[in-house]
Every structure is written in structure tokens, then in C-alpha cells.
Amino acid sequence: MICMGNDQEYYDRSKRYKPVNKPLAVLTIAVVAVLYGLFIIVIFFPELLGSSQGGDLSINDNYKNIKIEFDDDETFASSLIYPERDTPTYKWAAAATSIYAFMSHGFEDYIGGQMLNSTEIGDCKTFLESAYKISDRDSAKEVIDRMLKFGHRAKYKKFLKTDRTVEKAINLIQKDFGSDLTYEEGLTITEEYFSKNGISTDSFDRVKGSALAYLRFGDSGIDGYDYLRLIRVTHMCFKCGYLSQREYMQLIENLNDELKREYKSFREIHECYFYGEMFRVGEASDNNSYIFTDIKNGIAKMDKKGYYDEIEPMFFENDQHTASYYQMARIDNVEVFSETELSDDLEDYTFEVNGIVYQLPITYKQLLNGGFEPDSSGDTIIPAGEEFYFEGYYLGNEYSKLDFGVLNTLDHDAPLSELQITLVNGNIFRWNKYATYPYKIAQGIEVDKYFIQDVEERFGKLSIPEDHVEDVGGGKMYYYEYRFDTGFYRFFVQESGRLAGIRMCRYHDEDE
């Protein structure tokens, strides 16, 4: 048996007494120096070699044009403070990522087909961590930067250069379909077609997707796939609080610009998303077919619905927004309205939605800035002396809405946007049955969470009007009230006594 002590002793003796070959020593030192220099370059300056630390993936040509400067000292702004959905940047990105909405019954007016209100942020964080290993700001910056540098398109370009099977497939498809190959023709290519022409089907989806992407769009074949995923991830990271609004909007704008540069239409981008999924998934199997079916069906739905005809005119619209644009929009162009806290006193008429506290009376503009989408235009004319009621959909969710009311006390007709909103009403029949609507009044009382007894314990005995039944959502509901000189509250109850709705109204003050 050889022990470590003897090994060490032998090493020490050989080092002391073995003659030194000087030329060889000099050569060895030179080689080590070169290797050390290459190591430093690979670790700290990979762009100089055009490769990743993992080997031979080339950094994407336009990485420097798309990347942004992250600023950890920047003040983070909520999307509810600056309504980014009103910008051309957001609308264009929503159109580009609408494939997600049509694949999964989402909302095409929202980036990634998702509204991502407060009740969904937990699920969003779980998705980011499981799918992308993003759990905080640092990991978000790291993953986004890596996706910009490499992504699946870097692997795709390497695959085109090194795989003989995809080379055969490209030559075959080009010979049979010509240089004017269409998306629809590509859909007809099957495993049987490959087999009949002597092409392996071991990685059918990856080979087919790569071949079609190359023949249709060359080296940009699946760039659209990576960019759409990046837009979606960036949007989620902002909603989860990992990116500032400036970082999020600038990166979205850069990705929009790159998509405009490489493609000619939203439909082309969605086609590239299809090829990108085929490349990512790899081998053909029944388990993967549903993914491709969803994408194909999504594109077909958009065609049939005429959605492409609706969005394509905006494809080449100019959107030259700068960092200062977003910064100024956040600070200067937004009405500040949430400087108060949710009161303990009913007669302060405060209510909270998703963390923002409002105090009656409020304005139409305040609702817009808070994420509501009213079903009535601000230009709607309200005759003098008349009441008017409208609904506000919170973050676009048709199941999550509140009713609002105004009374035109002026001596002339006036547009809705110029009148004070003095009534708010919310009830469980209007709410998303899959998520709790974040609507609270004084002392945090919420519909469907509190009972009528809880209200009386906090605010005192309620009055029971002589006719305390009202038609709500097609059914009759009992209600109880508080009446003040300044306004009133009406609480609707279920049979169990649980709150089914809360209506609050502040009367007009002649001095206001």
C-alpha cells in the first residue's frame, strides 16, 4: 500500500534534485501565460471570442443594440402610477405577443395575453422561478442578459452549421417546394416525407422546425421566438417587482424595434414562434403535438377573426421613446391621488383597490390612472341635474368591476370627465369567481370575507330600511344601511349573513 506521506516525500525529493531543462521551462511558462490570458478573456470578455463560457455558441449580433443599463439605485414605479398600456410601445408588444392569448384564451390587448393583476402575482413568481430560475432582481437581470446574448437562436445557428440531417432536409424541401415555400406548405411536411426520402426522424420536430425557419427567414429563423419570450418574461419581471418601469419599457421598446427590423408582419413573427417551439421541443412525440396544435390553431383563429387585418397597420408605426420620456411620464404627467391611507372612519369615504386608496369624491382621470377601464367614455355628456351610472373594469377583467355614479349638479350639461364621482358599488355577482377582488372600505371590510355582524362590531348598529330588499344580479338581496348627513353605506348580505356587496355614496358638498 502506498501512503500519502511517501508520495509527498517522493515529490519533494524529485523537485529538489531533478535537473531543470531551461528551454523547456521557458516554453512551459509561455504556454501557461497564454492559457491564463485566454482564461481571463473567456471569463471576463467573452464578446472578444464571440462565444459563451459553455463553449462555441456565438453571441447574437445585435446584443449590444438590445441590452439596457440596469440601475439598482433607480426608484421603482408601479404600473398603476404610469399607465404604460396607453403607450405605443405597450400596444405594439401586446400585438406581437397576442399569439399567447389566442393559444390559451387570454386577452390580446395585454402583453403575453395576461392581465397579471395582484391576485395573479404569486402564480407569476412561481412560473418565473420554475421555468426560468428567476426569483429576484439579480436573477432576473442575469437571465434576461443571458437570453439576449444567446437564447435558442444561438443554438439554432450552431445546429444549422453542424447537423447533417438538417442540411439534407433543407436541400430536400427546397428542391420539392422551391424558394417560394409558404407557411401552409410547410405544415404538410410529415415524418413519412422524411423517411421516404432517407432522412432520419429521430429529432423530427427540431430538424423540420429548423429547416422551415431557415428556408423562410434565414439566420433570423427563430429570433422572433426568443424575442417574444423575452417580452413576456420582462413584463412578468416588472409586475413581480424585479425591474423598474423604465427598465421594463426600454427593453420592450428595443425588442419591438428588433422585431420590426427582422420581420415584415406580426404574422411572420408568430410563424417564427411556431418554428422556435419545434426547435426547442426537439424529438417528435405525442406529448409534444398539443403545443404545435395550439400555436397553429392560434394563428388560424387570428386569420379567421380578421385580427391580423386589425393589427398589421401598426406594424411599422414609429415609436421613438427615450429614457427621459418614461421618466417624465411617470413624474410629471400623472395626477397624484393616493396620498391618504384607508381610514377607520366611514365618513371619510375611503376605499382601496389593489393597494391604492381613493377618497370620494374622485375623478374620471383618477380611475384611469388606477387601472380601471370604464365602459363609458369621458366625453359622455351628462345633462344638468341628472344622475349617471357606469362600470369600471379593473385591469380589463370583465368579472372584476365596480359601479360608479355621478350627479351633474351644474346648471349646464357636462362631460363625464369633468364631474365628480360620488358613488361606488361592488358586489360578489360581478366578481371573478376564481380570484378575490381587492376592494376594501374603512377598517379593511371586504365583500365575501366579512359578515354583517363584523360590520356592526366595528361601526355600531345598522338600520333596517322599511323596504330593505333590492334586485341584484337577477336575484333579491337583503341590505342594511348607515345614513349620515354626508352620505350613506348600504351592505348587501347572503343568507348566511356574509357580505355580498357594499355601496358607498358621499353627497355633494356645495363648497367643493
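**Close-up 1. Packing of helices α12 and α15.** Helix α12 (residues 204-217) packs against helix α15 (residues 266-281) at an angle of about 150°, and their axes are 7 Å apart. α12 is therefore roughly antiparallel to α15 (angles over 145 degrees count as roughly antiparallel, under 35 as roughly parallel, 65 to 115 as roughly perpendicular and the rest as oblique). Axes are lines fitted to C-alpha atoms, for helices over the stretch in contact, with angles from 0 to 180 degrees between N-to-C directions. Helices (H or I, at least four residues) and strands (E, at least two) are DSSP runs numbered from the N terminus. The crossing of α12 past α15 is left-handed, meaning that the near helix is turned anticlockwise from the far one by less than a right angle. On α12 the contact involves D205, R206, K208, G209, S210, L212, A213, R216 and F217, and on α15 it involves E268, E271, C272, Y275, M278, F279 and R280 (contact: heavy atoms within 4.5 Å). By class, this contact of α12 with α15 comprises 7 nonpolar, 2 polar and 7 charged residues; Ala, Val, Leu, Ile, Met, Phe, Trp, Tyr, Cys and Pro count as nonpolar, Asp, Glu, Lys and Arg as charged, and the others, Gly among them, as polar.

The model is predicted: local features need pLDDT of at least 70, side-chain atom pairs count only at pLDDT 80 or more, and totals for chains, interfaces and linings use all residues. Residues are numbered from 1 along each chain as its sequence is written, and side-chain values use heavy atoms, with hydrogens and water left out.

**Close-up 2. Packing of helices α7 and α13.** Helices α7 (residues 137-149) and α13 (residues 223-239) pack at an angle of about 170°, with their axes 11 Å apart. α7 is therefore roughly antiparallel to α13. The two helices make a left-handed crossing. A140, I144, M147 and L148 of α7 meet R229, L230, V233, T234 and C237 of α13. The contact of α7 with α13 has 7 nonpolar, 1 polar and 1 charged residues.

**Close-up 3. The nonpolar cores.** The largest nonpolar core has 90 residues, and those with the most contacts inside it are L128, I134, L228, C237, L259, F266 and Y275. A nonpolar core is a set of buried Ala, Val, Leu, Ile, Met, Phe, Trp, Tyr and Cys residues joined through side-chain atoms within 4.5 Å. Buried means under 20% relative accessible area, exposed over 50%, and partly exposed in between (1.4 Å probe, protein chains only). Not counting residues up to four places away in sequence, I134 touches K125, L128, E129, S139, A140, V143, V233, C237 and Y242. Another core, of 38 residues, lies apart from the largest one and has Y349, A442, V455 and F459 among its members.

**Close-up 4. C124 in helix α6.** C124 belongs to helix α6 (residues 121-132) and is buried, with a relative accessible area of 4%. C124 and C240 are 116 residues apart in sequence, with 7.4 Å between their C-alpha atoms. Not counting residues up to four places away in sequence, C124 touches L116, M236 and C240.

**Close-up 5. R503 in strand β13.** R503 is part of strand β13 (residues 499-506) and counts as buried at 15% relative accessibility. Not counting residues up to four places away in sequence, R503 touches L423, V424, N425, E470, F488, Y489, R490 and F492.
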